Amino acid sequence: MTLSIEQAMTHTMHTFDGVDLHALAAQLPTPFHAYSANAIRQRISAMQSAFHGLDHRICYAVKANSNVAILQLMANHGVGADIVSLGELHRSLAAGIPAEHIVFSGVGKTAEEIAAALAVGVWRFNVESLDELRLLQQVAQLHGVCARAAARINPDVDAGTHEKISTGKSENKFGVSIDEARRWFANAGKLSNVRLDGLHAHIGSQILSLEPFAEALRRVEAFRQELEADGHVITSVDIGGGLGVCYRQGHDHPVAAADYAALVREVFARFQGTLVLEPGRYLVAEAGVLLTRVIRVKPGVDRSFLVVDAAMNDLMRPSLYEAWHEIVPLHRDSREMTRYDVVGPVCETGDTFARDREMARCQAGDLLSIGGTGAYGASMASTYNSRPLAAEVLLDDGRYAVIRRRQTMAEMMAGEQLPKVWNEA
Ligand SMILES: *Cc1c(COP(=O)(O)O)cnc(C)c1O
């Protein structure tokens, strides 16, 4: 049975991918992240069918949710990986994603990282600076291999998203201007061990309208045609990720995969090579919930605080981006509505999931589901305030599997030691 994403997401009705959340929370201590395998599969297939017939490869942005079980789900459906570190490379390979389906992005690649990625044979490097291009040439030459590379273009468009997740404006650290990339291609013949035959652009995240994509992609395609006219062979264009999702019903109106694909088909109608897609959030965000219990209700002078056992270390987005997440009390009885500031136990005012949020009255021990936490939730988690990393579970048609057990205190402290040996440097 395959559930539609709406069916999988009936957490307001206390089940998620067929699993009763109360029963689940009776077996596992809160807080924990739960992901619907069916919701993820549904997003993968929505994207695959939208791009059906087009020469393309989907490379999931691992940073969105890097649990090895989630990566394996991607691998099982032929989805590759977009990585930004050796840790993500390690996880992707461990999950069974073939190296030839992996693209390596990021402004800070070191010689060591480049060498390791070349050694396993990653598909291509999305190069973000001239210094990196030179380093790639050096390292590839040293290892006697040829690196495949794409120039990451900063198309200088405003993605209309939160400033902390905008990446395609000239003031952002990502990519290079078309003028600079033009010089790279003009000199590419001198690179004995780099085949510069791709373009890449990723303009930001949680983008909720087609216009910024259209503007950026048209600039990239115009540049590609110019390069082609100048005799350069471009075999792949990587259009990045950034498709937004619905965090707030009736407020966020995401672009449908089919509309996005229609735009891409139109813009790249004359392109013969492979289109690379790097969706992160789109594939996993709405497939996750963070389950938490109320520790206590604390009355304040002019508001009531709902203190829950999840905190900013489990889900950073509200603190970091002022992100809105749906918070649903999973009450089995009906209760009057009230307003709360929903906060975690961490010693930071920023440890706030919602302010003045209207919801059914709560009491200690009540179970709550925080929605839309499948992306940039667990992958951004920390042990701040010495809170062990929360467990993660995968739900699939009424069953569940623990895909990360909650960290023990010993695991949380692993690697720390008293200064028994003093060295000189
Ligand atoms: C973060 C990132 C993505 C994924 O972004 P989403 O908004 O999660 O789709 C894709 N490509 C690159 C280069 C990224 O840095």
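**The ligand site and the domain interface**

An oxygen atom of the ligand lies 2.8 Å from a polar backbone atom of R281, a polar contact in the sense of a pair of N or O atoms within 3.5 Å; within protein, one must be able to donate a hydrogen and the other to accept it, and residues adjacent in sequence count only if both atoms are side-chain atoms. This is a predicted model, in which local features need pLDDT of at least 70 and side-chain atom pairs count only at pLDDT 80 or more, while totals for chains, interfaces and linings use all residues. Residues are numbered from 1 along each chain as its sequence is written, and side-chain values use heavy atoms, with hydrogens and water left out.

A polar backbone atom of G242 is likewise 2.8 Å from a ligand oxygen. The protein buries 95% of the 390 Å² that the ligand exposes when taken alone (accessible areas by the Shrake-Rupley method with a 1.4 Å probe).

In total, 15 residues surround the ligand, each with a heavy atom within 4 Å of it. The closest are K63, S205, E278, R281 and Y376. By class, this shell has three nonpolar, seven polar and five charged residues; Ala, Val, Leu, Ile, Met, Phe, Trp, Tyr, Cys and Pro count as nonpolar, Asp, Glu, Lys and Arg as charged, and the others, Gly among them, as polar.

The chain is divided into domain 1 (5-34 + 285-413) and domain 2 (105-279), with bounds from an automatic or database domain assignment. Their centres, taken over C-alpha atoms, are 35 Å apart. Domain 1 contributes 11 residues to the contact and domain 2 eight residues, where contact means heavy atoms within 4.5 Å. Three residue pairs are in polar contact between the two domains, both residues being at pLDDT 80 or more.
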